[in-house]
Amino acid sequence: MSGKAIFYHAGCPVCVSAEHGIANALDRSRYDVEIVHLGEDKSRITQAEAIGVKSVPALVLDDTVFHINFGADIADLK
């Protein structure tokens, strides 16, 4: 395994669709994949912001943030 992938979402339909389409398509032999539902685990919002997540759904691959579509602004999850 060579990298870390974190998929942040808030549980909205856009986020769930992205989770099924993108997070599940990652090569799990290359990435340790973690799914974080920020609507259920608000303690992780600060971590997501520190990495650079501005909205969800977002995929972080090895500290690079990829914003996918637009489900919710990170500030709205607080």
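**Entry 1: Terms and model**

A salt bridge is a side-chain nitrogen of Lys or Arg within 4 Å of a carboxyl oxygen of Asp or Glu. I note that the model I examined is predicted. By that definition, I found four salt bridges in the structure.

**Entry 2: The sheet**

I looked up the strands next. Four of them form an open sheet with mixed pairing, in the order S2-S1-S3-S4. Strand S2 (31-37) and strand S4 (64-73) are the edge strands, each pairing on one side only. On average, neighbouring strands of this sheet are turned by 10° against each other, direction ignored.

Strand S1 (residues 3-9) and strand S3 (residues 55-61) run antiparallel and are joined by four bridges. Opposite alanine 58 in S3 stands tyrosine 8. I also located helix H1 (residues 13-21), which lies across S1, S2, S3 and S4 and runs at about 155° to S1.

**Entry 3: Backbone exceptions**

I recalled that most residues other than glycine have a negative phi and that most peptide bonds are trans. In strand S3 I found proline 57. The peptide bond leading from valine 56 to proline 57 is cis, with omega near 5°.

I turned to the loop between S3 and S4, where aspartate 62 is found. Aspartate 62 is not a glycine, yet its phi is positive, at about 50°. Aspartate 63 lies in the loop between S3 and S4 as well, and its phi, near 75°, is also positive. I checked their accessibility: aspartate 62 is partly exposed at 43%, while aspartate 63 is exposed at 66%.

**Entry 4: Salt bridges**

I recorded lysine 4 and aspartate 32, whose side chains meet in a salt bridge at 3.6 Å, N to O. This pair links strand S1 with strand S2, across 28 residues. Lysine 4 is partly exposed, with 31% relative accessibility, and aspartate 32 is partly exposed with 37%.

I next recorded glutamate 34 and arginine 44, whose closest N and O atoms are 2.9 Å apart in a salt bridge. Glutamate 34 belongs to strand S2, and arginine 44 to the loop between S2 and helix H2 (45-51). Arginine 44 is buried because its relative accessible area is 17%, under the 20% limit.

I also noted the salt bridge of glutamate 49 with lysine 78, again with closest N and O atoms 2.9 Å apart. Glutamate 49 lies in helix H2 and lysine 78 in the segment after S4, so the pair ties together parts 29 residues apart in sequence. Lysine 78 is exposed at 61%.

Definitions and conventions. Residues numbered from 1 in each chain as written. Predicted model: local features only at pLDDT ≥ 70, side-chain atom pairs only at ≥ 80, totals over all residues. Heavy atoms only, no water. Pairing = 2+ DSSP bridges. Helix = DSSP H or I, 4+ residues; strand = E, 2+ residues; numbered from the N terminus. Axes fitted to C-alpha atoms, helices over the stretch in contact; angles between N-to-C directions. Contact = heavy atoms within 4.5 Å. Buried < 20%, exposed > 50% of the residue type's maximum accessible area, 1.4 Å probe, protein only.
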